[in-house]
Amino acid sequence: VQLQASGGGLVQPGGSLRLSCAASGSIFTIYTMAWYRQAPGKQRELVATITSGGGTNYADSVKGRFTISRDNAKKTAYLQMNSLKPEDTAIYYCNAEVRERIYVRPRDYWGQGTLVTVSS
C-alpha cells in the first residue's frame, strides 16, 4: 500500500491550499484517514481525521479553517486549508488505516509528506 500526498506549496497568510492523499496498492478497506503535520523543531501533531463513514475530528488550532474530506471510490482524502497562518507552516503527512485483504488485520500507513509554507 502506498499513500501519495500532494498539493503543498508556498502561500501568503490568509491564503488557501488543498492537499490530497491518494492510496494505491493492495487495498480491501480503508478505515480512518488522517492528516498530521510536523513543524521545524516540533513533534508531529494530529491535524484532522475522517472515518470511512465521514465522521470528522479536528485539532483546536485548525477548527473552522481546515476541512477534511474523502472520496472512497478514488481512495483519496483531502485537506482544504483556508485562512492559513504562518504557524501552519509544516510538513503535512497523510495517514490511513488499511485492511489489505479480508481476514488480515488492518495496518497504519504513512505518506511521504508535503511541505506547506505560509509566508509573505
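Strands here are DSSP runs of E that span at least two residues, numbered from the N terminus. With that in hand, welcome to a predicted model of a protein that has 11 strands and 0 helices.

**Overall build**
- Reading from the N terminus, the elements run β-β-β-β-β-β-β-β-β-β-β.
- The radius of gyration is 14 Å, close to the 14 Å from the globule rule for 120 residues, so the protein is as compact as a globular protein of that length.
- Along the principal axes, the C-alpha atoms fill a box of roughly 50 × 25 × 25 Å.

**Inside and surface**
- Of the 120 residues, 41% are buried.
- Among contacts with a separation of 6 or more, 55% come from residues 24 or more positions apart.
- The protein exposes about 6,500 Å², and carbon and sulfur atoms supply 47% of that area.
- There are 14 positive and 8 negative charges, and their mean positions lie 4 Å apart.

- Most residues other than glycine have a negative phi.
- Tyr 103 has 77% relative accessibility, which is over 50%, so it counts as exposed.
- Lys 75 counts as partly exposed because its relative accessibility is 31%.

Methods. Residues are numbered from 1 along each chain as its sequence is written. This is a predicted model: local features need pLDDT of at least 70, side-chain atom pairs count only at pLDDT 80 or more; totals for chains, interfaces and linings use all residues. Side-chain values use heavy atoms; hydrogens and water are left out. Helices (H or I, at least four residues) and strands (E, at least two) are DSSP runs, numbered from the N terminus. The radius of gyration is taken over C-alpha atoms; the globule rule is 2.2 Å times the number of residues to the power 0.38. Buried means under 20% relative accessible area, exposed over 50%, partly exposed in between (1.4 Å probe, protein chains only). Contact means heavy atoms within 4.5 Å. Accessible areas come from the Shrake-Rupley method with a 1.4 Å probe; for residues, only the protein chains shown count as cover. Lys and Arg count as positive and Asp and Glu as negative; His and the chain ends are not counted. The place of a charge is taken as NZ of Lys, CZ of Arg, CG of Asp or CD of Glu.
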